[in-house]
Structures are given as structure tokens and as C-alpha cells.
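Hi there,

Here is the structure I promised to send over. Have a look at it first, and my notes follow below.

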Amino acid sequence: LNWNIGAEPRTIDPGLNVANDGGHVINNMFEGLMRELDGELTPAMAESYVMSDDQLTYTFTLRDVKWSDGEPVTAYDFEYAWTRVLDPATGSEYSWIFGEANVDTFRAVDEKTFEVTLAAPTPYFLGLTGFYTFFPVREDSVEKGSDGAWAIDPEASIVNGPYKLGEYLTGDKIILVKNDNYWQADQVKIDTINGYMIVDQSTSLTAYEAGELDVIDDVPTEEIPRLMAEEPTFTLTPSDAVYYYSFNSKIAPLDDVRVRKALNLGIDREALVDALKMGNEPADTMVSPASYDEKGQ
């Protein structure tokens, strides 16, 4: 599979990454306690879990699974990875997400049992365990390179996802190869993924239309109307995001609420999305429509 990542990821270290490009690569190389498949949350590294009656304690039982080098994945790997993210010395920009998840304590009870307690019931906690900041990493692997360097070194990179690092060519591409030690390796149908780092959208689209790339997820805005009309493989997918202007309300005239209201009323949202021609919808609230399920919840 030839796929355009776009910009070269700043890192593919699960504990340090904050961007989509790195996240896409990480999701192919690592796996957390849970994984979302076709919109459904399913057990991944965790074979099962038990939630206490007060919804404050989750006890995960891990599968008999292996890292890419054949060593077992244990609850201690999760304990190490989470502790590492929360250590200020690590410099994880997403360490705050543990607070948003209301994580109070966590510990490896034994090799196969990982226990997490929350400060308050948090329905979305389970889903967050499928987010890369919560993925396990191996301590001996991480110690082979500081600031995420271990993650781009095929000799140091030890992973637990469907693919492992075959080669990392700075500024060119990332080659991922099937991880035969992945617990669902029999369901991995593609042996090699070439992730190219083509930043220019026009160049990427040209390569796709020439058959040199199989997957791209970004195209020039001006090409969207043509692609929507002519390209059967082109699709627009909802993004769980809202774009907005942020005003400094501490300086004049923006310190006057009437001015801010006037600016708000002066934006023609319909005209704006029509001009963008990107399939956007006018935003009425700070919560994206993509955040809601079929029941509107």
C-alpha cells in the first residue's frame, strides 16, 4: 500500500505525539487496551475488563500477546508508559489528558492485570484507552534513544501493533512491514505499507492520479468540486472539529461585548462554507455535529 502521510511526523513516539500524521503511523504500530473498529469500541490488548459498581475502578485482564520481538506484553508495560507520560521530564504535551480522563491511580497488579481508578465516573475513559497517549511502550526500547529517537530506529523500535518499522527515510518515507507477532496477524492482509512524506497537495494528487499512490487524504481546495463530480473514489468524511476566531477581549475595542457581538453577527457562515467548497457545515455551537451519535447524544 502506497499512502501519503503528508508532512514528516515530528515524532512517532506514542507518548510524545500530538499530531494526526504521527498518530496515523502510531495506530498501525501500537495498540492500547481498547481499539475502535468501525465505530465500535472493542477489547484489544485487554482481553476483558470489569468496571466496579461505582464506575470508579476498571480492572483490565490482558491477553497472552507479544511485542514484535516475541517478548510478552505485560501490565507493567502499561504502568511504565503511563508513568512516563505523566513525568514532567518526558515533556509530553498530552499529559493533561489523564486529568481530563479523571485518572486518579493506576498500577500493574501482576503481569496480566492492570487496575485504574478514576476520581469521578467518566463514560469516555474507556474510549481514551484506544488513544495513542495511553498506548504501552517498552522501557528497554525507549531507553535506546532520547526524545523519541528510538521510535524511528528499526533496531530500537519494539511495537505491539499490526505493523513494525521496516525503514525510516527522513524526509522521504516510512516503510512499515507486517508484525508476525501481532495477536491478530492472520487478519492483516497487507504485507508492506509505504508512507510517503509529500507535503505539497498538488504533487500528492498528481501522484495519486498517476497510480503512484493508493491513498491520499488531502487535496487542493480548488480541486474539490472537480473531484466530487468526476472521481468515484473521492469522499468527504466528517471531522470532529470546529473552526473559529479567537479575539483578545482585553484590548479595545474587543473589550466591548457589543463589538464582539457585532463581529459574530457580521460573519455569514453560509457564505463562508459556500466559498470554501470543502463540504463544511456552518457551526452553531462549539460542539461539532460529528461528535454526536445517531441518537443525537
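Is F114 buried or exposed? F114 is buried, with a relative accessible area of 0%; buried means under 20% relative accessible area, exposed over 50%, and partly exposed in between (1.4 Å probe, protein chains only).

A word on the basis: this is a predicted model, where local features need pLDDT of at least 70, side-chain atom pairs count only at pLDDT 80 or more, and totals for chains, interfaces and linings use all residues. Residues are numbered from 1 along each chain as its sequence is written, and side-chain values use heavy atoms, with hydrogens and water left out.

Now the aromatic rings. Rings of Phe, Tyr and Trp (its six-membered ring) pair if their centres lie within 6.5 Å; planes under 30 degrees apart count as stacked, over 60 as edge-to-face and the rest as tilted. By this rule there are 20 aromatic pairs. One of them is tilted: F106 and F114, 6.3 Å centre to centre with 45° between the planes. F106 counts as buried too, at 18% relative accessibility. Y245 and F247 make a stacked pair, 6.4 Å centre to centre and 20° between the planes. Here Y245 is exposed at 59%, while F247 is partly exposed at 38%.

F106 and F114 also belong to one aromatic cluster with F78, W82, F98 and F134.

Elsewhere, R63 lies over the face of W183, 3.8 Å from the ring centre (the rule asks for NZ of Lys or CZ of Arg within 6 Å of the ring centre and within 35 degrees of the ring normal).

Best wishes
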